[in-house]
Amino acid sequence: MSKAVLLVNLGSPDSTSVSDVKRYLDEFLTDERVIDKAFVRKVIVPLIILNTRPKKSAEAYASVWTDEGSPLIVTSEHQAEKLGQSVAPKVYLAMRYGNPSIANVISQILKDGVTSLYVIPLYPQYAMSSYETVVVKVMEEINQQKPDLDVSFLQPFYNDPDYLDILAESIGENLPEGTDKLVFSFHGIPERHLRVSDPSHAHCLCVKDCCTRANPAHATCYKHQCLMTVKGVVERLKLPEDKYFVSFQSRLGRDPWLTPYTDATLARFGREGVKKVRVVCPAFVTDCLETLEEIAEEAKEIFEDAGGEDFAVIPCLNEDDRWIQYLAKQVEGWLNS
Ligand SMILES: C=CC1=C(C)c2cc3[nH]c(cc4nc(cc5[nH]c(cc1n2)c(C)c5CCC(=O)O)C(CCC(=O)O)=C4C)c(C)c3C=C
Ligand SMILES: [Fe+2]
Ligand SMILES: [Fe+2]
């Protein structure tokens, strides 16, 4: 039996041209797990968003693009290469949107004679717009191309003690003396997605303090999982409550998204005299547009304009050896299962 590993990340446009960004956003924003309201997906996205956003997004991408390409893709390639050097099975890389596409990579995997596949969605927390859409897309392709392929998935690892050890260590190494606030900025999602993802439809956002009261719904509750990641890190770093804050970034559209918003939080901190801030983005394991542009450029400016003085973003785990070894350990666990 030939075994292989498939890493899957979100994906980027092929280039920073407005037409490539438009094609990428079209695929991304017509995914029903990202834009779940049919009217918005079928009318507002094609008629409004795809006519306005690509130019603005292309400019943002241009500010972080390197000679090698998109930071998200280049770093993901390095992660795959390094993991491939640490484990016996061949490691492949695909992107949920754009290239290398899941369809093409699975086709290549099958041509290479693979009969058993371990898929690692590169997201610590579960969201229908991240982890779930990867699982669904991979399964759709496998069902079309080779339904009898043996496939397993790494589960969201937001509360795995080994992952939390590595994340906390990496944050601790980037947290200078005298930091006033460590901001945990997670990619936001519409609040509604918490309700949609709750199989009981009776817990998330229905019960007071839903995210901190034990419930089976937490297996698919993005906010709960974000908060558990924070809890694991601050316990390890022994950070007192007044030294850290949790917020959500990257809101799109008019619906309410998870709050508090990162940009408003940083403006408030600046106004209130908070001088030294570090921001970490633990919804991502790879630096990308959302960390390198939205946080390192835009959020920094917002904080400094409001009176803040010392701002930096803490890098994602990227190619950190400890992170690659963590992934290798998961692969070993699969091989021995
Ligand atoms: C935790 C991972 C992510 C979740 C959950 C997520 C939800 C989500 N995203 C959008 C809309 C956009 N996101 C964009 C970029 C982007 N998003 C993630 C991850 C998650 N998104 C990453 C890693 C990136 C960066 C990609 C890169 O190439 O570096 C973008 C594109 C850029 C832009 O135009 O701003 C959009 C659009 C929605 C609507 C959503 C949940 C409903
Ligand atoms: Fe996103
Ligand atoms: Fe919850």
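## Model and conventions

Residues are numbered from 1 along each chain as its sequence is written, while chains are lettered from A and ligands numbered from 1 in the order in which they are written. The model is predicted, with local features needing pLDDT of at least 70, side-chain atom pairs counting only at pLDDT 80 or more, and totals for chains, interfaces and linings using all residues.

## Two domains

Domain 1 spans 3-157 + 320-335, and domain 2 spans 161-313. These bounds come from an automatic or database domain assignment. The C-alpha centres of the two domains are 23 Å apart.

Two residues are in contact if their C-beta atoms, placed from the backbone, lie within 7 Å. Helices (H or I, at least four residues) and strands (E, at least two) are DSSP runs, numbered from the N terminus.

Helix α2 has 27 residues, yet its end C-alpha atoms are only 32 Å apart. A straight helix would reach 39 Å at 1.5 Å a residue. That expected span is 1.5 Å times one less than the number of residues. A kink of about 65 degrees lies at valine 45, shortly before proline 46. The bend is the angle between axes fitted to the seven residues ending at a residue and the seven starting there.

The buried residues of α2 are Val45, Pro54, Ala58, Tyr61 and Val64. A residue is buried if 20 or more other C-beta atoms, placed from the backbone, lie within 10 Å of its own, exposed if 12 or fewer, and partly exposed in between. The buried residues of α2 pack against α1 (18-29), α3 and α10 (289-305).

## The annotated binding site

An unreviewed UniProt entry annotates His187 and Glu290 as "binding site". Such annotations may be inferred rather than shown by experiment; positions follow the numbering used here, and feature names are shortened. The two are spread over 104 residues of sequence, but their largest C-alpha distance is 8.0 Å.

Histidine 187 is in strand β5 (residues 181-187). It counts as buried because it has 27 C-beta neighbours inside 10 Å. Beyond four places in sequence, histidine 187 contacts Gln249, Ser250, Ala283 and Glu290. Glutamate 290 is in helix α10. It has 21 C-beta neighbours inside 10 Å, so glutamate 290 is buried. With residues up to four places away left out, glutamate 290 touches His187, Gln249, Ser250, Cys281, Phe284 and Ile295.

Threonine 52 sits in helix α2. It is exposed because 10 other C-beta atoms lie within 10 Å. Threonine 52 and histidine 193 are 141 residues apart in sequence and 25 Å apart in space, C-alpha to C-alpha.

Aspartate 112 is in the loop between α4 (102-111) and β3 (116-121). It has 11 C-beta neighbours inside 10 Å, so aspartate 112 counts as exposed. Serine 200 is 88 residues from aspartate 112 along the chain, and their C-alpha atoms are separated by 42 Å.
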